[in-house]
Amino acid sequence: MSTQNTTLPASTREIQLASRPHGRPVPENFRLAESPLPELRDGQVLVRNLYISVDPYMRGRMNDVKSYSAPFALDAALDGGAVGEVIASRSADRAVGDTVVHQLGWREYAVVDAAATTPARTDLAPASAFLGALGMTGLTAYAGLLKVAEFKPGDAVFVSGAAGAVGSLVGQIAKAMGASRVIGSAGTPEKVARLLELGFDAAFNYHDGPVRDLLKEAAGEKGIDVYFDNVGGEHLEAALSVLNVGGRVAMCGAIAQYNSTEPTPAPRNLMLAIGKQLTLRGFLVNGQRQHAAEFAGKMAAWLADGTVRYDETIVDGLENAPQAFMDLLDGANTGKMLVRL
């Protein structure tokens with residue numbers, strides 16, 4: 001053990017929040033810094049991060065406003081999902097060499113309570129998948145569709161931001177569970193083509209015209225029963241106009257509004273929810289953890305037999321994490337955006 005201790009890092013490089021973005025984040029909002037690592041205490045592990053996740057929800061945490069998760073502190077490391085290798089352990093539950101998922105991303109090394117880590121079964125899938133299809137991203141898609149939107153076989157489903165990490169999984173899960181039709185929207189012709197490869201029945205580029213018209217054309221006479229909303233704004237308004245009586249909306253994200261500096265107008269046709277007896281439910285993945293075991297079993301099987309496939313957009317180097325995050329907000333990713341360290 002003594003020889004190992006001499007090789008353990010005493011400090012880590014990390015990305016700190018240098019200033020709060022106003023509207024669209026810029027490089028000056030971030031800082032690459034070095035910080036000392038605390039001594040390992042009983043029950044803790046030292047993890048060398050392999051991949052860190054950058055996610056749209058992090059934009060909201062950069063604002064100093066009361067929300068469902070605490071704002072990021074200025075001049076301190078950002079945090080978020082990460083998967084890495086345990087390189088030192090003072091916990092009976094985690095051994096050196098274990099691969100674990102935890103929430104101290106945006107840095108190269110992290111001292112974490114072992115109880116705050118979950119094992120990544122790299123016999124089932126590569127480590128990176130535990131930040132995406134087999135991680136919080138996958139659980140968001142699974143629980144949002146099946147538990148929040150109460151999907152049932154035969155439903156027609158529309159997914160916005162469908163080429164993103166969550167959206168691409170929602171569409172494939174819907175197909176696997178017996179959807180009559182799955183429609184996706186995305187922002188480039190390449191992403192639209194990818195959705196069709198992944199088994200979506202129809203997909204459109206929302207830059208090609210008013211979303212309402214594009215969705216109406218894709219849905220046809222039968223309309224839609226479920227809308228999985230990652231975008232908000234014009235997409236939500238369009239979905240309300242095309243949803244059938246008794247339709248359900250799972251409100252997961254509103255990326256169209258994350259960089260807005262002015263209040264964004266609500267859907268102008270919200271009154272349709274009354275006559276159509278619609279259900280609009282917002283949700284957070286943290287409120288769906290009771291479904292994690294059920295999800296993990298189903299998703300592992302789907303990945304194993306090829307029912308579900310996932311895409312990753314990988315950026316190399318911790319110093320490039322801020323740019324990866326800014327690119328994510330601009331839609332530069334297909335599937336899950338990850339930074340490889």
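Two strands count as paired if DSSP finds at least two bridges between them. Helices (H or I, at least four residues) and strands (E, at least two) are DSSP runs, numbered from the N terminus. What I am showing is a predicted model: local features need pLDDT of at least 70, side-chain atom pairs count only at pLDDT 80 or more, and totals for chains, interfaces and linings use all residues. Residues are numbered from 1 along each chain as its sequence is written, and side-chain values use heavy atoms, with hydrogens and water left out.

I will start with the sheet. Six strands form an open sheet in the order S10-S9-S8-S11-S12-S13, with parallel pairing. At the edges are S10 (202-205) and S13 (279-282), each of which pairs on one side only. From one strand to the next the twist averages 15°; axes here are lines fitted to C-alpha atoms, for helices over the stretch in contact, and angles run from 0 to 180 degrees between N-to-C directions.

S11 (residues 224-229) and S12 (residues 243-251) run parallel and are joined by five bridges. Phe 228 has Ala 250 in S12 as its bridge partner.

Two helices pack on this sheet. H3 touches S8 (156-159), S11, S12 and S13, and its direction makes about 145° with that of S11; contact means heavy atoms within 4.5 Å. H4 (residues 165-176) touches S8, S9 (181-186) and S11, with its direction at about 170° to that of S8.

Is H3 enclosed or exposed? Of its 13 residues, 11 are buried, so H3 is largely enclosed by the rest of the structure. Buried means under 20% relative accessible area, exposed over 50%, and partly exposed in between (1.4 Å probe, protein chains only). Among the buried residues of H3 are Tyr 142, Leu 145 and Val 148. After H3 comes Glu 150, with a positive phi near 50°.

Now the aromatics. Rings of Phe, Tyr and Trp (its six-membered ring) pair if their centres lie within 6.5 Å; planes under 30 degrees apart count as stacked, over 60 as edge-to-face and the rest as tilted. The count by this rule is eight aromatic pairs. Phe 158 and Tyr 227 are stacked, at 5.0 Å centre to centre and 15° between the planes. Phe 158 is in S8 and Tyr 227 in S11, 69 residues apart. Phe 158 is buried at 0% relative accessibility, and Tyr 227 is buried at 0%. The ring centres of Phe 228 and Phe 283 are 6.1 Å apart with planes at 75°, so that pair is edge-to-face.
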